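User: Hello! I would like to go through this model with you, one question at a time. Could we begin with how its helices pack?

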Amino acid sequence: MPKALQLFPSYLKKVGYYTSNHGKTDYNVIESDSTWSASSNIASWRNRTDSQPFFHISNIFTSHEFNVHFTKEDMDSITPITDLDSFKVPPNHPDTRIFKYTNAIYRDKIVKMDQQVGAIIQQLEEDQLLDDTFIFYFGDHGGVLPGSKGYLFETGLHVPLVIHVPKNYKHLTPFDTTNNIEGAISFVDFAPTVLKLAGVKIPDEIDGKAFLGAEIDPQELNSRKVTYSYADRFDEKYDMVRAVRKGRFKYIRNFQPFNPDGLINEYRYRQLAYQEWRELYNKGQLNEQQSAFFKTKAPELLFDLENDPHETHNLVNDNRFVTVLSDMRSELNTWIKDMPDLSFYPEHILIENAFDDPTAFGEAHKEDISSYVDIANLSLQPWENVKEQVEKSLYSADPWERYWALMVCTSFKKEAAMLTRTIGSIERRDPELMNQLKASEYLAINLNIDKKQPMMNYLYKSNSVGEALQVLNSMALLKYLGLESRFNIDPIRIKSTIRKDSNVVLRLEYLRG
């Protein structure tokens, strides 16, 4: 968190609100006592003093991912309420019994969740609070069917949102039930919206824009068309993807396109549908759309969501959309550089250098990050146009310029083979373990050179969990691509603080087969 900023309920608590949180605390930041009046599995607005205003979060886990981790025995003994023939399986999924069953169970869970929301509303009615209480009802990500949660497709990003505007505060919204609101909003807009409704000053450092409250202009809100998205590490699985949606168009930038979406994530693959999807791919029983999840990716994807809601037809090479592509690419690059996006450094570098004050670190390294973005984007041009710039970056004094140049080489596959000698020199001599790793990754993936032993040595040399997980992700990638079948890793040679990490354990189990 920026030093000047607190979690937004803190500002409500400071002006007298009772702030309560029921059931979830994984905010990815260190929690402070200033945020909540109460935070537990029994926290409720009902514990406040009489007439005290309140802000309450209730987390409902009924439709959570773990609720579709059923077994084949469950399928034989539990009949879904939802008729398996009442819906269509999306075209990027195989139309099998397991996928239909998973869809049906998930729909059952959503119906049950809605009933639980109804129970909360009933409590507000019993307390005679409904006419004075704004209710925001939303998911915290898209669905949990395969290829949705954790990925930057609309099925993973587009969330349901219903807002109850109470009778006594209708003056705080310029809309009524006859309005069709076209504007796009994001999660970063929730915090300033809640603060504005409460009449609390919105800190300058806060992201997002309020979409309810006094003096909101309906025309300005309807003109908001752009939303941004990102994905980095999920548990033990590394990737780096950014996206922008602008009206009907969606642009996805895969900065590490050699990482297939289907790369193993243990938690995801507990789901039978994920397992079957992979098995059918390995047997060659999927069509092109259904297979895309398991293949290496294009660096850029462009979709027309109006005509292709499941994002299966990449328009990047369609001449009719050259202007749209250029506009979307520019939109995303501006956002990334303006932040600036800290993930252009390896994660362990951020842990070691940025966590005390990430905002200050970002400002101090804004120009460096911009140069890394420019190097990464060399992969979007023809090899002949950029090969000299890539080679120059491989010789850079900045280790992370070399890092991104190596990943660009891997993206170009065998086209970059002319730089093999330079890449081999980096593998042997670079002072950064990450660059040695990325050089080995290029040589293994694109030139089919056995790099099993060097990668195990990088693992043994790793000094942090972040370093080790990057190494393990590369090893998992080689296994996934069929370049290595088994790594004979000696866990005793891994530093004890690293080998006990839960994500490291998952990767080691996968690599041992």
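Analyst: Happy to! A crossing is left-handed if the near helix is turned anticlockwise from the far one by less than a right angle, and right-handed if clockwise. Please keep in mind that this is a predicted model.

User: How many nonpolar residues are in the contact of helix 13 with helix 14?

Analyst: From helix 13 come Trp 383, Val 386, Val 390, Ser 393 and Leu 394, and they meet a set in helix 14 that includes Ala 405, Leu 406, Val 408, Cys 409 and Phe 412. Glu 401 and Arg 402 of helix 14 also take part. Sorted by class, this contact has 1 polar and 2 charged residues, and its nonpolar residues number 9.

User: Helix 9 and helix 12 pack as well. Are they roughly parallel or roughly antiparallel?

Analyst: Helix 9 (residues 322–338) packs with helix 12 (residues 366–376) at an angle of about 150°, the axes being 9 Å apart. Since angles over 145 degrees count as roughly antiparallel, helix 9 is, relative to helix 12, roughly antiparallel.

User: How many charged residues does the contact of helix 9 with helix 12 have?

Analyst: The crossing of these two helices is right-handed. Helix 9 brings Asn 333, Ile 336, Lys 337 and Asp 338 to the contact, while helix 12 brings Lys 366, Ser 370, Val 373 and Asp 374. Besides 2 nonpolar and 2 polar residues, the count of charged residues is 4.

User: What hand is the crossing of helix 16 and helix 17?

Analyst: Helix 16 (residues 433–447) and helix 17 (residues 452–461) pack at about 160°, with axes 10 Å apart. The two are therefore roughly antiparallel to each other. Their crossing is left-handed.

User: And how many nonpolar residues are in the contact of helix 16 with helix 17?

Analyst: Leu 433, Gln 436, Leu 437, Ser 440 and Glu 441 of helix 16 meet Pro 454, Met 455, Tyr 458 and Lys 461 of helix 17. Divided by class, there are 2 polar and 2 charged residues, and the nonpolar number is 5.

User: Which helices do the buried residues of helix 15 pack against?

Analyst: Helix 15 covers residues 420–429, and its buried residues are Thr 422, Ile 423, Gly 424, Ile 426 and Glu 427. These buried residues pack against helix 13, helix 14, helix 16 and helix 17.

User: What are the helices among those that cover the buried residues of helix 7?

Analyst: The buried residues in helix 7 are Leu 272, Ala 273, Tyr 274, Glu 276, Trp 277 and Leu 280. After helix 7 comes Gly 284, with a positive phi near 70°. The cover over the buried residues includes helix 2 (72–77), helix 3 (97–126) and helix 8 (288–291).

User: Now Arg 268, please. Which side chain does its side chain make a polar contact with?

Analyst: Arg 268 sits in the loop between strand 8 (249–254) and helix 7. With a relative accessible area of 5%, this arginine is buried, and it touches Glu 65, Lys 149, Gly 150, Tyr 151, Phe 234 and Tyr 274, leaving aside residues up to four places away in sequence. At 3.2 Å, the polar contact of its side chain is with the side chain of Glu 65.

User: Is Lys 413 buried, partly exposed or exposed?

Analyst: Lys 413 lies in the loop between helix 14 and helix 15. Its phi is positive, about 60°, although it is not a glycine. With 47% relative accessibility, Lys 413 counts as partly exposed.

User: What about Gln 128: buried or exposed?

Analyst: Gln 128 belongs to the loop between helix 3 and strand 4 (135–138), and its phi is near 55°, positive in a residue other than glycine. Because exposed means over 50% relative accessible area, Gln 128 at 70% counts as exposed.

User: Last one: what is omega, about, for the cis peptide bond of Met 339 and Pro 340?

Analyst: Pro 340 is in the loop between helix 9 and helix 10 (347–353). The bond joining Met 339 to Pro 340 is cis, with omega at about -10°.

Key
Residues numbered from 1 in each chain as written. Predicted model: local features only at pLDDT ≥ 70, side-chain atom pairs only at ≥ 80, totals over all residues. Heavy atoms only, no water. Helix = DSSP H or I, 4+ residues; strand = E, 2+ residues; numbered from the N terminus. Buried < 20%, exposed > 50% of the residue type's maximum accessible area, 1.4 Å probe, protein only. Polar contact = N/O pair within 3.5 Å; in protein donor to acceptor, adjacent residues only side chain to side chain. Contact = heavy atoms within 4.5 Å. Axes fitted to C-alpha atoms, helices over the stretch in contact; angles between N-to-C directions. Parallel < 35°, antiparallel > 145°, perpendicular 65-115°, else oblique. Nonpolar A, V, L, I, M, F, W, Y, C, P; charged D, E, K, R; others polar.
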